[in-house]
Amino acid sequence: MTEFDLMISGQLYNAEVPQLQAMRRRAAELCHRLELLSPGQAEQRQAILRELLGHTKGSFTINPGFRCDYGCNITIGERFYANYNCVILDCAPVSFGDDVFIAPNCGFYAAGHPLDASTRNSGLEFARPITVGDNVWIGGNVAVLPGVTIGSGAVIGAGSVVTHDIPAGMVAVGNPCRPLHPVP
């Protein structure tokens with residue numbers, strides 16, 4: 001198995017191998033090109049994002065300040081909207097359904113590091129997929145951690161740290177984020 005295969009499969013892997021470094025460099029270059037465009041260059045923004053991201057549907061908006069590790073592991077649905085300063089560490093697949101709205105300064109972190117210091121210091125890391133269903137609204141300054149699934153129709157309150165799965169159709173808030181009640 002390559003380090004990429006290990007990464008995608010959730011096993012410990014070395015992110016500093018040349019193949020993964022080159023993939024991250026490509027993503028960083030595309031993100032940089034994206035940031036150099038003026039607001040009026042919408043078609044060019046879309047073209048760069050379609051080149052960067054693994055799979056996109058018809059219409060979507062990603063505002064400036066977007067960063068990702070690889071890009072190729074990100075899937076976005078129809079009418080996806082990410083406001084300013086969205087970060088997606090896509091060391092594992094990160095997928096968003098249709099009609100997902102993400103407020104400013106949100107992060108989706110599929111990357112993780114071992115708790116054991118000697119393993120962590122050896123340069124090994126792991127990744128777990130993140131899945132966001134359809135019709136999800138994520139408030140500002142939310143952090144979604146490795147391995148989390150947010151069910152369709154959920155609303156995540158601003159400032160939440162999502163450490164565990166959130167059921168469909170629930171309003172959830174807090175650190176750690178917890179379901180409060182069904183969406184009215």
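Buried is used here for residues under 20% relative accessible area, exposed for those over 50%, and partly exposed for those in between (1.4 Å probe, protein chains only). The model is a predicted one, in which local features need pLDDT of at least 70 and side-chain atom pairs count only at pLDDT 80 or more, while totals for chains, interfaces and linings use all residues. Residues are numbered from 1 along each chain as its sequence is written, and side-chain values use heavy atoms, with hydrogens and water left out.

Gln19 counts as partly exposed because its relative accessibility is 38%, and its place is in helix H2; helices (H or I, at least four residues) and strands (E, at least two) are DSSP runs, numbered from the N terminus. Not counting residues up to four places away in sequence, Gln19 touches Thr2 and Phe4, where contact means heavy atoms within 4.5 Å. Between the C-alpha atoms of Gln19 and Leu34, 15 residues apart along the chain, the separation is 23 Å.

Helix H2 (residues 18–36) packs with helix H3 (residues 42–52) at an angle of about 170°, and their axes are 10 Å apart. Axes here are lines fitted to C-alpha atoms, for helices over the stretch in contact, and angles run from 0 to 180 degrees between N-to-C directions. H2 is therefore roughly antiparallel to H3, on a scale in which angles under 35 degrees count as roughly parallel, over 145 as roughly antiparallel, 65 to 115 as roughly perpendicular and the rest as oblique. On the H2 side the contact is made by Arg26, Ala27, Leu30, Cys31, Arg33 and Leu34, and on the H3 side by Arg45, Ile48, Leu49, Glu51 and Leu52. These residues divide into seven nonpolar, no polar and four charged, with Ala, Val, Leu, Ile, Met, Phe, Trp, Tyr, Cys and Pro counted as nonpolar, Asp, Glu, Lys and Arg as charged, and the others, Gly among them, as polar.

Arg45, which lies in helix H3, is buried yet has no salt bridge, and the nearest side chain of opposite charge, Glu35, is 4.9 Å away. For such pairs Lys and Arg count as positive and Asp and Glu as negative, while His and the chain ends are not counted, and a salt bridge is a side-chain nitrogen of Lys or Arg within 4 Å of a carboxyl oxygen of Asp or Glu. Leaving aside residues up to four places away in sequence, Arg45 touches Leu34, Leu37, Ile62, Asn63 and Pro64.

The whole structure holds five salt bridges, including those in the table.

| Salt bridge | Distance, N to O |
|---|---|
| Glu35 and Arg67 | 3.9 Å |
| Arg79 and Glu78 | 4.0 Å |
| Asp99 and Arg79 | 2.6 Å |

Asp99 lies in the loop between strand S8 (94–96) and strand S9 (101–102) and Arg79 in the loop between strand S5 (74–76) and strand S6 (80–82), so their pair ties together parts that are 20 residues apart in sequence. Salt bridges that share partners join Glu78, Arg79 and Asp99 into one network.
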